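Keep the terms defined along the way.

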Amino acid sequence: MIFLLSVIYIGALTTVSSLNVAPSESLRSAYANTGETSRANFLQVACATGVAVVLPADGAYARGRATLDYAYERYVPRIIDGGEFFKKDFVAMIGKSDWNGIKSSLAEPPKKAKSDRSKADGGVAERAAQAGKFSNARVLVACDLFASAFSDSSISQKTKDMQKEVNELRQVIVEMDLVARQALGEETSGGFFGIGSKKSSKEELSKSMKQLYLQGGQAWNRYIFAANDGLPVQLNKLPYL
């Protein structure tokens, strides 16, 4: 819940019951340059620029920032690594029609086996390490969880916008995996159980993979745009492809 504390103008102090005023560019610049600026310093900056100030309640503000900071630290490194892999190594595989490499990059970790029961962590770390570099488990789950950090008691529009792009990326991954398996002869294309279907040529499959890559890249950049929009200045913005 947000409490209206005060409205500050040059030469006068006036208290009001409701307010919706966007910070001026001078305040945005001053605040951005302060780094770990305290509330007291923020108020001093506001007084100097003559801008109305609305501050959130301490409890709600602290909880929200703590949740976002934790999610940023935990999930953003995985997101950034995934994006770097997608725009460098993965696109190189597509260019060379490295179907085994593509399939491996999208692979989900293996399911828990009986032998995992004897391991201290149940084999979680070992299985996680086997997830593909741009798999749902390694990258898109992190994208989803980071998006959730922008919601509290109800799902925010920001979270919805980010998760929409994650869902599109998941569909792209499914289709990429199918194309790779078709190229490797592990999957038939079209028809009922593949009967009576025309087998796609390697050239056609390569073209389909490149189109899917472009579709996935566009969805990724839209996700990054949504994530960076309104991100606190203390947190580094996520890089585009």
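Helices here are DSSP runs of H or I with at least four residues, strands are runs of E with at least two, and both are numbered from the N terminus. An α-helix has 3.6 residues a turn, so residues three or four places apart point the same way. Arg181 and Asp177 form a salt bridge, with 2.8 Å between the closest N and O atoms. A salt bridge is counted when a side-chain nitrogen of Lys or Arg is within 4 Å of a carboxyl oxygen of Asp or Glu. Arg181 is partly exposed, at a relative accessible area of 22%. On this scale buried means under 20% relative accessible area, exposed means over 50%, and partly exposed is in between, using a 1.4 Å probe and protein chains only.

This is a predicted model, in which local features need pLDDT of at least 70 and side-chain atom pairs count only at pLDDT 80 or more, while totals for chains, interfaces and linings use all residues. Residues are numbered from 1 along each chain as its sequence is written, and side-chain values use heavy atoms, with hydrogens and water left out.

Helix α7 itself covers residues 157–183, which is 27 residues. From its first C-alpha to its last it reaches 39 Å, close to the 39 Å expected at 1.5 Å a residue; the expected span is 1.5 Å times one less than the number of residues. After α7 comes Gly185, with a positive phi near 80 degrees.

How many salt bridges does a search of the whole structure find? The search gives eight. Side chains of opposite charge can pair when their charged atoms come close. One of the bridges joins Glu84 and Lys87, at 3.4 Å from N to O. These two residues are three apart in helix α3 (residues 58–95), about one helical turn. Glu84 is partly exposed at 27%, and Lys87 is partly exposed at 31%. Glu84 and Lys87 also belong to a network of salt bridges with Lys88.

A further bridge is formed by Glu186 and Lys103, with the closest N and O atoms 2.7 Å apart. This pair links distant parts of the chain, 83 residues apart: Glu186 is in the loop between α7 and α8 (202–228), and Lys103 is in helix α4 (residues 99–106). Glu186 is partly exposed at 42% relative accessibility, and Lys103 is partly exposed at 28%.

The next topic is the aromatic rings. A pair of aromatic rings is described by the distance of the centres and the angle of the planes. Rings of Phe, Tyr and Trp (its six-membered ring) pair if their centres lie within 6.5 Å; planes under 30 degrees apart are stacked, over 60 edge-to-face, and the rest tilted. The count by this rule is ten aromatic pairs. Phe86 and Phe90 make a stacked pair, 5.6 Å centre to centre with 20 degrees between the planes. Both lie in helix α3, four residues apart. Phe86 is buried, at 1%, and Phe90 is buried, at 0%. Trp220 and Tyr223 make a tilted pair, 6.4 Å centre to centre with 40 degrees between the planes. Both are in helix α8, three residues apart, and both are buried.

In soluble globular proteins, nonpolar side chains tend to be buried together. A nonpolar core is a set of buried Ala, Val, Leu, Ile, Met, Phe, Trp, Tyr and Cys residues joined through side-chain atoms within 4.5 Å. The largest one has 45 residues, and those with the most contacts inside it are Phe90, Ile102, Phe146, Met176 and Leu238. Two or more residues each come from α3, α4, α6 (136–148), α7 and α8. The largest share, eleven residues, is from α3.

Met176 shows how these parts meet. Contact means heavy atoms within 4.5 Å. Not counting residues up to four places away in sequence, Met176 touches Phe86, Phe90, Ile94, Leu106, Met209, Leu212 and Tyr213. Leu106, in helix α4, is buried at 5%. The C-alpha atoms of Leu106 and Met176 are 8.2 Å apart, although 70 residues separate the two along the chain.
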